[in-house]
Amino acid sequence: MKRFSILTACLFALALATAAFAQNPQPPQGKRAGRPHGKLKKMDANRDGQITRDEWKGKSKGFDRADQNNDGTISRDEAMAGRKAAGKRHLKRMDANNDGQIARGEWTGPADGFGKLDANNDGMLTREEMKAGRHRKQRPTQ
């Protein structure tokens, strides 16, 4: 159960980070433009900015799902879209009673994460609070 909670928390954090990144209206600039990052960067053995089936380290079904245009490669945009979709599915699973809000009892993310997102401290996370939390920049602690 603890492992599931940690995995869920990681997926949720990834979904928030991905959604925030996806809101940037300008295309990436410089050396990293269009190149994969994180796990995908490690998989990109030939460093061409794409992941081919030969480079893919996961299940075949996962590659097929991520390769949205069926061109045999996974681009950064396809990877980001997949992460965003996974985050939305995770949030939908958290909303056990399907009321469009996530109550503290439904929350499966990090304990302090709920409090950070619940701007009005009413014990419920609304879609607006989640969006606002996603756009809020984290300040470095001193």
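Biologist: Why is R89 called partly exposed?

Modeller: The model is predicted, with local features needing pLDDT of at least 70 and side-chain atom pairs pLDDT 80 or more, while totals for chains, interfaces and linings use all residues. Residues are numbered from 1 along each chain as its sequence is written, and side-chain values use heavy atoms, without hydrogens and water. R89 has 44% relative accessibility; buried means under 20%, exposed over 50%, and partly exposed in between (1.4 Å probe, protein chains only). R89 is therefore partly exposed.

Biologist: Is T73 buried or exposed, and how do you know?

Modeller: T73 has 13% relative accessibility, so T73 counts as buried. T73 lies in strand β2, residues 73-74.

Biologist: What makes D64 and R53 a salt bridge?

Modeller: The term asks for a side-chain nitrogen of Lys or Arg within 4 Å of a carboxyl oxygen of Asp or Glu. The closest N and O atoms of D64 and R53 are 2.5 Å apart, and the pair forms a salt bridge. D64 lies in helix α3 and R53 in the loop between β1 and α3, so the pair ties together parts 11 residues apart in sequence.

Biologist: How do you know that K116 and D112 meet in a salt bridge?

Modeller: Their N to O distance is 3.5 Å, and their side chains meet in a salt bridge. Both residues lie in helix α5, 4 residues apart, about one turn of the helix.

Biologist: Why is K116 called exposed?

Modeller: The relative accessible area of K116 is 52%, so K116 is exposed. D112, at 48%, counts as partly exposed.

Note on methods:
Helices (H or I, at least four residues) and strands (E, at least two) are DSSP runs, numbered from the N terminus.
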